[in-house]
Amino acid sequence: TQSTGHEKVPLSEDKTKRDHFLTLLGSFSVAMLATVTSDNQFRARPMVLASFEDNGNLWFISHAETPKVEEVSKDSRTLVNFMEGQKYLTITGQSRVVRDKQKIDQLWNCLLYTSPSPRDRQKS
């Protein structure tokens, strides 16, 4: 589910809204990724959006030995906030840690690409 403004819509429900969501998502590069700690508190930190998919999956890269990785491994609930000027996007959902070396290499190479837009990095 994604939220733009005050409207909450499942991603696959409406093509026009999905396209708007993906276009808006592609305009951001950095997000605040919030995870749930072991004592049920929220912890947020800035993360570069490495890539995203048309189905709404977001990809971030992190060192394996970090609190966020531990938190996601124990409680998959996450919230991602993007904001720039007057536009913003809030996404709630489930996260998981992926340790697939091929995917990590692909995402790392996308981040090295010079385009500031994750949508453009997605195409490399």
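Start by selecting K103: with 18% relative accessibility, this lysine counts as buried. The model you have open is predicted.

E53 is partly exposed, at 24% relative accessible area.

Next, select R43 and E71. Their closest N and O atoms are 2.6 Å apart in a salt bridge. R43 belongs to strand β4 and E71 to helix α2 (residues 67-74), so this contact ties together parts 28 residues apart in sequence. R43 is partly exposed at 37%, while E71 is buried at 7%.

From R45, step across to L33, which stands opposite R45 in β4. Color strand β3 (residues 30-36): five of its seven residues are buried. β3 pairs with β4 (residues 42-48) in the antiparallel sense over seven bridges. β3 also pairs with β7 (residues 77-84), again antiparallel, over four bridges. There, the bridge partner of L33 is V80.

Follow the hairpin of β3 and β4 into its turn, where five residues lie between the strands. Select N40: its phi is near 65°, a positive value in a residue other than glycine. Most residues other than glycine have a negative phi. N40 is exposed, at 53% relative accessibility.

Last stop: helix α1 (residues 15-26), where D19 and K15 are about one helical turn apart. They form a salt bridge, with closest N and O atoms 2.7 Å apart.

Notes:
Residues are numbered from 1 along each chain as its sequence is written. This is a predicted model: local features need pLDDT of at least 70, side-chain atom pairs count only at pLDDT 80 or more; totals for chains, interfaces and linings use all residues. Side-chain values use heavy atoms; hydrogens and water are left out. Buried means under 20% relative accessible area, exposed over 50%, partly exposed in between (1.4 Å probe, protein chains only). Helices (H or I, at least four residues) and strands (E, at least two) are DSSP runs, numbered from the N terminus. Two strands pair if DSSP finds at least two bridges between them. A salt bridge is a side-chain nitrogen of Lys or Arg within 4 Å of a carboxyl oxygen of Asp or Glu.
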